Amino acid sequence: MTEPRHDPASDPVDTVAAIIAHDHTAPLGSGPHPDRPPRSQWLDVWDQFKTHKGALWGGIIFVLIVAGVFLGPLVWSIDPTHIDIRARNQGPNLSHPFGTDQLGRDIMARMMAGGQTSVSVGITAMLLALFLGSFVGVTAGFFRRLDGPLMRLTDLFLALPLLPLLLVMMLLFREPLNAAFGPEQGIFILIVCAIGITSWMPTARIVRGDVLALKEREFVLAARSIGTTNTKMITRHILPNVLSPIMVSATLGIATAIITESALSFLGLGFPPDFPTWGRLLFDGTDYLQQYPERVIWPGVAISLTVLSVNYLGDGLRDALDPRIRGR
Amino acid sequence: MLTFTIRRLVLAVPTLLFIALVIFLLLELAPGDPMAQVPLTVPPEVKEKMRLALGLGEPAYIRFWKWIVQFYWIEPQVLFDHIFGTHFAEGKLRVISWQTRSPVMDIVVQRIPQTLWVVGTAYVVAILIALPIGIYSAYRQYSWFDQLGTFVSMVGFSVPPFFSGVLVIVIFSVNLGWFPSIYDTTLKVVDWDSFMLQLQQMIMPVMVLALQITAQISRFMRASMLDNLNQDYVRTARAKGLGEYTVVMLHVLRNSMIPVVTVIALGVPAIFGGAIITEQVFKVNGIGQLLIGAIQANDLPMVQTLAFIFAILIVLFNLIADVLYGILDPRIRYD
């Protein structure tokens, strides 16, 4: 989505031309001097990433949100569960910048606590989905015999109605997990597993396609001819080369996971009421919509801003990691 | 083409059976007790009888088979009877809801018009908005209009419906007082005034749903137009001296519509799923709200049937998308 730029300083063709032109005038014997230090692939990626302003800002805002949510409580040390009934239903003021709720709990502290849960759920669920998706994708692409069955399985999962199933899973497995791990840990594990198990399919498809293409390349043949084992082949040669689609899926996966978790909390099937997440705060705020609309706005803006920044980040990463776009 | 369609139809049957099995097993393995809502004063032996009355005494595979038979064999007969006035399904046992003790499909049929009205209107509105946006932003790539379109669709992707819905309620219902915040499904359209009321209460849910759909479809339209605008046949058309309108709106647009039409078809079931949240926000009593209510009341036959209806929609529209692709694009021959 970025504008293809033509920057002569970084364009390899121009650079080569310049060196050749330079060499003609230089006396023989003094070899070509590289006028720039050698560049790594990741430096190129970073250069391309920087030109995508939206992605850069997305990255900055996402880091700021994560830092604010996890480091904020060190500065803003009010306990999010502390009930001060005499200070209830306050609007934004100096002692409570976001106001207080119907029990006098400080909304800023609750936003930070809720953000910790929402962001951790998003990142953990994304990691699980990424692991499953990459595993299925690499296995299907690498072992021809497993390709058919695994891809049919992916198709079947894609045909499942995900939101209804998630809701059903929430309803049915809440009690035993609560009993086994305690109410907060149990729900956390349940939500992360539910989101992870229902969102690995796009990653698997993309990774499989890339692995299939890689398998035909010469370096794989070379590696095979010197007797590389399958395990080494996958970990040393295949996985590093499919890293870029996996990274793009990762950013987009965080966004989907955060939205799904908030949706579950909003429908009343997520975390328990005394355990804030952004979706839960939004849900609680809708009861007081007419009197205190700001209680809905804070968590809503937090969710939307996080997802928006992550989406822009993924967009920029996709451009930066694609060598066809990067070269231009 | 016909053999392909038939092959896909045949393949859809095992897919649907597998999904039915997954849904059934999920409910089966779950530890939830349908008797949990029954008061504690009811003695255990009565509870046991109530369980048997619900059909819970049989082994799982018998119940699965019975449900399949009821859903695939008896319910179509009921529909057939309803249309042609015959009596095939008389006296046969249908899928019964535990909540209301009435057939599940009857309740679903009552709820579907509300969902179809809101979701269908939103989909049509979104397509009508998205296509021109996509076409123009591709034609003027990187113009301010394109940048704005990119930003708006990013926002549409990122703002979840439970926030945008609540936000429009705050703005238009609480502050401005233009529209009612709750959708009244008892309203019957008989004259101009009631039509205006219906329109007013539909605007907000349609707006919220349409924002999301527009975001997706306009991106696809733009990408597809961009792919086609650089093709050789476009240069040929221009070189022949055809007007800019003819080139873009006839040559390029018709070719770019091929993938977009399939995306539109693929999006229909997702919309039904996504509308669950929107229905909840605006209190539209469509099938999404029916599902939430059934889940909260532990009404397993209802949950099972509704989840399966969603699955049928997904499989069906996947099939439609594939067939449409083959019909629209003569380069693709499945046979």
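This is a predicted model: local features need pLDDT of at least 70, side-chain atom pairs count only at pLDDT 80 or more; totals for chains, interfaces and linings use all residues.
**Conventions.** I number residues from 1 along each chain as its sequence is written, with chains lettered from A and ligands numbered from 1 in the order in which they are written.

**Interface.** I looked up the contacts between the chains (heavy atoms within 4.5 Å) and found 41 residues of chain A against 43 residues of chain B. The buried area, that is, the accessible area (1.4 Å probe) that two parts lose on being put together, summed over both, is about 3600 Å², and carbon and sulfur atoms give 85% of that area. I then searched for salt bridges, meaning a side-chain nitrogen of Lys or Arg within 4 Å of a carboxyl oxygen of Asp or Glu, and the count between chain A and chain B is zero.

I noted which helices (DSSP runs of H or I, at least four residues, numbered from the N terminus) supply the chain A side: H5 (144-158), H6 (162-181), H11 (243-266) and H13 (294-321) of chain A each give at least two residues. Of the elements on that side, H13(A) gives the most, with eleven residues. By class, I recorded 32 nonpolar, seven polar and two charged residues there, where Ala, Val, Leu, Ile, Met, Phe, Trp, Tyr, Cys and Pro count as nonpolar, Asp, Glu, Lys and Arg as charged, and the others, Gly among them, as polar.

**Salt bridges in chain A.** I found seven salt bridges over all chains of the structure, and I followed a network that links A:Arg152, A:Asp155 and A:Arg205. The side chains of A:Asp155 and A:Arg152 meet at 3.3 Å, N to O, and because these two residues are three apart in helix H5 of chain A, about one helical turn separates them. A:Arg205 also forms a salt bridge with A:Asp155, the closest N and O atoms being 2.6 Å apart. This second pair links distant parts of the chain, with A:Arg205 in helix H8 (residues 201-215) of chain A and A:Asp155 in helix H5 of chain A, 50 residues apart. I checked accessibility (buried under 20% relative accessible area, exposed over 50%, partly exposed in between; 1.4 Å probe, protein chains only): A:Asp155 counts as partly exposed at 27%, and A:Arg205 counts as partly exposed at 42%.

**Chain B.** I counted eleven helices and zero strands in chain B, and its C-alpha atoms fill a box of roughly 85 × 60 × 40 Å along the principal axes. Buried residues make up 46% of its 335 residues.

I then turned to B:Tyr139, which is found in helix H4 (residues 104-139) of chain B and, at 26% relative accessibility, counts as partly exposed. Not counting residues up to four places away in sequence, B:Tyr139 touches B:Leu229, B:Arg238, B:Glu244 and B:Val248. Among these neighbours, B:Glu244 and B:Arg238 meet in a salt bridge of 2.7 Å, N to O; B:Glu244 counts as partly exposed at 35% relative accessibility, as does B:Arg238 at 36%.

Note on methods: Side-chain values use heavy atoms; hydrogens and water are left out.
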